[in-house]
Amino acid sequence: QVRLVESGGGLAQAEGSLRLSCVASGRSFNNFAMGWFRQAAGKEREFVGVIGADGLYTRYGDSVRGRFTITRDKAQNAVFLQMFSLKPEDTALYYCVAGRQIVFGGDPEYWGQGTQVTVSS
């Protein structure tokens, strides 16, 4: 069974930082891009960022570019989201994703269950 399990969410203050982790199991994702989406209450799901299979290419959504950084560790089959300068509008359920086309804007093939991030002002 393929699983993506997120951790690291919680409560943070504005201008603070959090680091999300996602560990995959059930298959290797070394040939997959991995990334993050988020969904705030009452809003549509939003692209946060993606890192290519090579671990070098990254792309971010406009609202997080310059504040969030994605990295991955192929040996751990894991991807990370380092978030700095958090804003209340970053409050959302954050989903880890994997897919071969998400670098090109395609839909993810795998989704985690999500981890909640809440930023207080």
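This report walks through the strands, cores and aromatic rings of one predicted protein model.

Local features are given where pLDDT is at least 70, side-chain atom pairs count only at pLDDT 80 or more, and totals for chains, interfaces and linings use all residues. Residues are numbered from 1 along each chain as its sequence is written, and side-chain values use heavy atoms, with hydrogens and water left out.

## Strands and sheets

Start with the strands. Strands here are DSSP runs of E, at least two residues long, numbered from the N terminus. Two strands pair if DSSP finds at least two bridges between them.

S1 and S3 run antiparallel and are joined by five bridges. Arg 3 stands opposite Ser 25 in S3.

Now turn to S4, S5 and S6. Five bridges join S4 to S5, again antiparallel. Here Phe 37 has Phe 47 in S5 as its bridge partner. S5 is also joined to S6 (residues 58-60), by three bridges in an antiparallel pairing. Val 50 faces Arg 59 in S6 as the residue opposite.

Both of these pairings are hairpins. S4 and S5 have six residues between them, and Gly 42 in the turn has a positive phi of about 80°. S5 and S6 also have six residues between them, with Gly 55 in the turn at a positive phi of about 75°.

## Cores

Next come the buried residues. Buried means under 20% relative accessible area, exposed means over 50%, and partly exposed lies in between (1.4 Å probe, protein chains only). A nonpolar core is a set of buried Ala, Val, Leu, Ile, Met, Phe, Trp, Tyr and Cys residues joined through side-chain atoms within 4.5 Å.

The largest nonpolar core has 27 residues. Which members touch the most others? They are Trp 36, Leu 81, Met 83 and Tyr 94. Several strands give two or more residues to this core, including S3 (18-25), S4 (33-39), S8 (78-83) and S9 (92-99).

Leaving out residues up to four places away in sequence, its contacts (heavy atoms within 4.5 Å) include Trp 36, Leu 81 and Met 83. Glu 6 and Arg 38 are also among the residues that Tyr 94 touches.

## Aromatic rings

Rings of Phe, Tyr and Trp (its six-membered ring) pair if their centres lie within 6.5 Å. Planes under 30 degrees apart count as stacked, over 60 as edge-to-face, and the rest as tilted. The model has six aromatic pairs by this rule. Two of them are shown below.

| Pair | Centre to centre | Angle between planes | Type |
|---|---|---|---|
| Phe 29 and Tyr 110 | 5.3 Å | 85° | edge-to-face |
| Phe 37 and Trp 111 | 5.3 Å | 50° | tilted |

The pair of Phe 29 and Tyr 110 links distant parts of the chain, 81 residues apart. Phe 29 is in the loop between S3 and S4, and Tyr 110 is in S10 (residues 110-111). Phe 29 is buried at 0% relative accessibility. Tyr 110 is partly exposed at 22%.

Phe 37 in S4 and Trp 111 in S10 are 74 residues apart. Phe 37 is buried at 14%, while Trp 111 is partly exposed at 32%. Phe 37 and Trp 111 also belong to one aromatic cluster with Phe 47 and Tyr 95.

Charges meet rings too. A charge sits over a ring if NZ of Lys or CZ of Arg is within 6 Å of the ring centre and within 35 degrees of the ring normal. The charged end of Arg 27 sits over the ring of Phe 29, 5.8 Å from its centre. For Arg 45 over the ring of Trp 111, the distance is 4.4 Å.

## Positive phi in loops

Asn 77 is not a glycine, yet its phi is positive, about 55°. It lies in the loop between S7 and S8 and is buried at 12% relative accessibility. Ser 85 also has a positive phi, near 50°. Its place is the loop between S8 and S9, where Ser 85 is partly exposed at 30%.

Key
Helix = DSSP H or I, 4+ residues; strand = E, 2+ residues; numbered from the N terminus.
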